Amino acid sequence: MAIFALVDCNNFYVSCERVFNPALEGKPVVVLSNNDGCAVARSAEAKAIGVPMGEPAFKLRHLVERHGLIMQSSNYALYGDMSERVMSVLATFAPGAEVYSIDECFLDLDGLSVPDLTQWCQHVRATVKRWTGIPVSVGIGGTKTLAKLANRLAKKSPKANGVLDLVSHPAWVEVALKRTPVGEVWGIGRQYAGHCGVHGILSAHDLTQAEDGWIRKTMGAVGLRTVMELRGVAVHTLDTEPADKQTTCCSRSFAEAVTLYDHVHDAVLTFASRAAEKIRADGLVAGALQVFAQTDRFRRDQPQFTLNAMVRLSPATDSTPRLIAAAISGLHSAWRDGYAYKKAGVILIDLVDPANIARDLFSPPPDTGARAQALMNAVDGLNNRMGKGAVGYGLVAKGAPWQMRCGNRSPSYTSDWMDLPVAKA
DNA sequence: TCTGGGGTCCTAGGACCC
DNA sequence: TCTGGGGTCCTAGGACCC
């Protein structure tokens, strides 16, 4: 039988900020999403004063005065780098590791011969904390879904002290299922939890007792797999070699809504350029692209519109100028005057590795000619050495109304020489 | 005044074919 | 009134995740 451990960093973004700014320790802290929009990470103290996940920043302002809540802009360069450090420590402990998200990692503990799994996990926790500064929790289960569930309880229960092992203590499984609200189960979101509630299914345990036909009809094949996993049947396996991405998106909300074509044009140009860098870093080419721009969905008093255009790319390409040209032509063809646009984006789709591209007689080879390649290498190299945006396409004015807000971002302590922390005597 | 961004998988329905 | 029955492929949209 497989033994899955889920290692999850506690309040990851807040923990990253605290590593480099210990003054945040013990205080209510939230990290805001892009554009300083809403809370995406909360310290325990912030949870205690009632900050809900996803709460818009403007609704938290009163807590700043009342409880000294600290709101940090997000610093993804820092979190990405800290994530790599945590993952590389975890990889040294287990024969198999799957990086599931920026702050979570599944380990396969099957075949690991240790006398006491809980004790071993405490050792892992302590090591990660000592080497990276990040606190983690560990849940152990016979399926990934049960490991997730155990992890959640490990975080909540003070008795667990950050580790809960449902494999060495099979009798605890039923208790754990009964203590987990159905909406907290991995794979059961708001919609499905609502359907369950109507049928009197309130806990994860209730869900395991539901009838397969009803589950399949209500929550589809995915829902049924989730329930199988809750019942202890391992459906999901450890995925140590993640497949190539199928799509890559670069989109942003604007600090202010804009009505002028030129403003949206500049935003789309910037997003296409950034998306191109991403697929080149992954070694992929795009076979098509989608460009969109939309009005502010929260302004019910204003006319709503979403502009959307799909552009095929033949041959498939990773070249910035070609992707920009395609995105702009899509924007131009679908453009409508008279709307206040609040968000736009570029999605690169049909991504493939040019090495294993399947071609027929009539499709051209992917666009990876030597000259284009050399140019892109030079551009990416300059940006890596001199900082993002050192070289680019099109001149985009700084301080344009569509550019995003980030009022209180921490320095890039680990990824920019200029931001290295300084120790003062 | 102010409400994120980036992904995956599944399903239903239409187009098209024999 | 009556007007097949399958297949496949593609797309849009909905659900979920972090």
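Predicted model: local features only at pLDDT ≥ 70, side-chain atom pairs only at ≥ 80, totals over all residues.
The pocket sits between domain 1 and domain 2, because both give residues to its lining.

**Who touches DNA strand C**
- Around DNA strand C there are 14 residues, and S101, D103, K148, G187 and Y192 are the closest.
- Helix 8 (190–198) and strand 5 (96–101) each put in at least two residues, with helix 8 giving the largest share at three.

- S101 has a side-chain N or O atom 2.6 Å from a sugar or linking oxygen of DNA strand C.
- K148 goes for the phosphate instead: a polar atom of its side chain is 2.7 Å from a phosphate oxygen of DNA strand C.
- R312 also has a phosphate oxygen of DNA strand C by its side chain, with an N or O atom 3.1 Å away.

**The second largest pocket**
- It holds about 980 Å³ of space.
- Its lining runs to 31 residues, with D8, N11, R42, K47 and K155 nearest the centre.
- By class, that lining splits into 15 nonpolar, six polar and 10 charged residues.
- Helix 6 (144–156) is among the elements that supply at least two lining residues, as are strand 1 (4–9) and helix 1 (12–20).
- Helix 6 gives the most, with seven residues.
- The two domains behind the lining are domain 1 (4–9 + 81–231) and domain 2 (12–78).

Terms used: Residues numbered from 1 in each chain as written. Chains lettered and ligands numbered in written order. Heavy atoms only, no water. Near = heavy atom within 4 Å. Polar contact = N/O pair within 3.5 Å; in protein donor to acceptor, adjacent residues only side chain to side chain. Helix = DSSP H or I, 4+ residues; strand = E, 2+ residues; numbered from the N terminus. 1 Å grid on protein atoms, 1.4 Å probe; cavity = no way out; pocket = protein on both sides within 12 Å on 5 of 7 lines; lining within 4 Å. Points joined across faces, edges and corners; volume = space filled by probe spheres on them. Nonpolar A, V, L, I, M, F, W, Y, C, P; charged D, E, K, R; others polar. Domains from an automatic or database assignment.
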